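Good morning, and thank you for coming.

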Amino acid sequence: GSLIEQLTTEKYECMVCCEVVRIVAPVWSCQNCYHVFHLNCIKKWARSPASQAEDGNSGWRCPACQNASMQVPKTYTCFCGKVHNPEWNRNEIPHSCGELCGKKRQCLDCPHLCNILCHPGPCPSCPAFVTKTCECGQTSHSVRCGQSTKIHCSNVCGNTLNCGKHSCTQVCHAGKCSPCQLTVQQVCYCGSNFKEVLCGSKEEFSDGFGSFSCQNICGKKLNCGRHNCKQVCHPQPCQLCPRLPQVVYRCPCGQTPLSKLLELGCVERKVCTDPIPSCGKTCGKPLSCGSYEFIHTCESLCHEGDCRPCSHTSNIYCRCGFKKKVRGGLFFCFSIAAITFMCDKRCNKKRSCGRHKCNEVCCVDTEHKCSLVCGRKLNCGLHRCEEPCHRGSCQTCWQTSFDELTCYCGESVIYPPVPCGTQPPECKKTCTRPHDCDHPVYHSCHSEEKCPPCTYLTQKWCMGKHELRSNIPCHLTDISCGLRCNQMLKCGMHKCKRICHKGECLIDEECKQPCIIPRLFMCCLKLNLALFFFRIAAISIATKLTDLQLGDSVEISRLITKKEMKQARLQCDEECLALQRNRRLAEALEIDDNSDPFNIRSSGPKYSDLLKEDARKDIKFVSDIEKEMRMLVEAVNKGKHTKKSHCYPPMNRDHRRIIHELAQVYGIESVSYDNEPKRNVVITAVKGKSICPSNTLTSVLDKETQSRPAPPLPHYKQTDKSSGNSGLSKPLKEEPVIDYFDVQD
């Protein structure tokens, strides 16, 4: 009645699409739960992978009751199945044919068909009356045909039980009578043991000798009257005595007939107690020990009774065949079937999943199935695979949500059922999340927690507060104007030369710019070492000069007194004034220090007298060095790289000094590495800083050689004859020359 009312008023919803079932829409009704679905919806559901049964061979499952069906519905029929595509009549039930139902009722023993009009849901119970007997069959009653309850009377059942001897004593009951509960006593075949069993059971059977075997030795006297039966308790009569003369025809080992031994003079046996003649040969009976390849036999002479223990050895292998043991000797040889052992070797083969090792001890498995749970995350990213560990990809997540899945603003909706891992629907509405700024929002609603950066164009100050920049996106915070920072450093004398930057100029560093206070120690390498040579060691001066060559300043106020500082101060000449004027002009025109706007570097290079003197001693070495430096400078100025280096082989101190001085002329950086005797020099040319001088050192030497007059003849000082020494006087010992470019720590 509820189904008819909801279908007529169009209030019944399809469980697949969650839409109302119209009175003119084709439908399908499940014959197990009687739920009604749209025909098209149930077709799509039956073909989807989610509807398949677990075993994969039982068809598809009903969305409501999960009852499996083999055939997919194809046509629209009425509820009773007689009429295809029934027409709607406002005076009849929707989707029905208006005729008698005629379907068989659910009661198995009801022979009457449904006699109401075509209807949804189950058929009502049969209204007819029939005569039925009680369970024991002694009385009869008139009841409804569709009544499922059983009829019981108050009489005793009285039917014969399964034993065939006793009757049932229960009151009228349903089903078969219970087995007989009386017990009987039984005796074993040998007659030594007794037990009680239920009457009518299979254990009650007896063959005349007994009913069961007690598994003990029979012990009955044999027909000879002298020996007892040695068989296990058995149902048949005992066998003949195995020692009777008419039974024994051979010697104990079985190799020689007794008739032949009688011919050789043996005494004929009369009764079973007479000894059996021995043939004197080796017994040779197979023993229970040994291996499959080699069977051990008895080595004693032909004898009666059991054989002696075996004295051989046997190889016993573990069950996987990796290790073997030798048994025998002092320990008697054993049967292979009776002794098995396991080795300690663990199996290193991969299991069926391909991820884990078998790791079983003494493994004999061939398939190596993995018993672990897979545990990998499914495609939804929320649940893990609960199937046994397997190869390949895991199946899709079977979890399903019956809640609506909406976007953030709630405009777009995905209706249930929603498979696990489904992303929220796309929404074309403007994002309604709270934002950090008040600018207009141009991006759509999204499921990510963080909104895209705001691209509204604004005006913002650069990081150094130099200028107000326009057309800057709202999300950009650190903006550089490209100008020099020019903020005063901590030293209080210099300004920051970095491009507009964020934060402090110098955090953990000290100012490395040249000091603007007039230097008291050096000007263009013109030093007056005589003023304070007695205060400073030669190696200390060399170290400080090395720092000067690298462009660093040297604090010498601690090394000399104030009076000496005043005396050591050099007066600036015209060259110093020209350099200061050019420097101020370069700062006003914002010209880089590395550039050469006044053609100072391109003017003729200045080579020191010491360098010229060393070059004359090894002109070929100097020529090769200059050639290499010119090639390096030309390569870096023409190429894409800003720096290029060249490493010279290890050389002595004089050659290294020549390279350092030439590198200064060419504007090349030079550094010495390693310790003696493998100390070498590495030069680095920088684009825009390194230059090729117009006059090389070799060309300068050639010009000076051509213009120099012929040298005078050498003059030798004659020694005093009275001194007893003859020949030339020894030249004076030259002072050691300190290489300020190549001083080691």
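Predicted model: local features only at pLDDT ≥ 70, side-chain atom pairs only at ≥ 80, totals over all residues.

Which side chain meets that of Asp654 in a salt bridge? The partner is Arg657, with an N to O distance of 3.3 Å. By salt bridge I mean a side-chain nitrogen of Lys or Arg within 4 Å of a carboxyl oxygen of Asp or Glu.

Residues are numbered from 1 along each chain as its sequence is written, and side-chain values use heavy atoms, with hydrogens and water left out.

To return to the pair, Asp654 and Arg657 both belong to helix α9 (residues 653-666), where they are three residues apart, about one turn of the helix. Asp614 is joined with Asp654 and Arg657 in one network, through salt bridges that share partners. Arg657 is buried at 7% relative accessibility, whereas Asp654 is partly exposed at 43%. Here buried means under 20% relative accessible area, exposed means over 50%, and partly exposed lies in between, with a 1.4 Å probe and protein chains only.

The structure holds ten salt bridges. Another of them pairs Lys620 with Asp624, at 3.3 Å from N to O. These two residues lie in helix α8 (residues 619-638), four residues apart, about one turn of the helix. Lys620 is exposed, at 58% relative accessibility, and Asp624 is partly exposed, at 38%.

A further salt bridge brings together Asp478 and Lys502, at 3.2 Å from N to O. This pair links distant parts of the chain: both residues are in the loop between β18 (468-473) and α4 (538-549), 24 residues apart. Asp478 is partly exposed, with a relative accessible area of 45%, and Lys502 is exposed at 56%.

Let me now turn to the chain as a whole. It has ten helices and 21 strands; these are DSSP runs numbered from the N terminus, helices being H or I of at least four residues and strands E of at least two. How many of its residues count as buried? The figure is 29% of 745. Of the contacts (heavy atoms within 4.5 Å) with a separation of 6 or more, 33% are between residues 24 or more positions apart.

Finally, the backbone. Which peptide bonds are cis? One runs from Pro416 to Pro417, with omega near 0°, and Pro417 sits in the loop between β15 (413-414) and β16 (418-419). Another joins Glu676 and Pro677, with omega about 5°; Pro677 is in the loop between β20 (669-673) and β21 (680-686).

That loop between β20 and β21 also holds Asp674, which has a positive phi, near 65°, in a residue other than glycine. His95, likewise not a glycine, has a positive phi of about 70°. Where is His95 placed? His95 is in the loop between β4 (68-69) and β5 (129-133), and with a relative accessible area of 3% His95 is buried.
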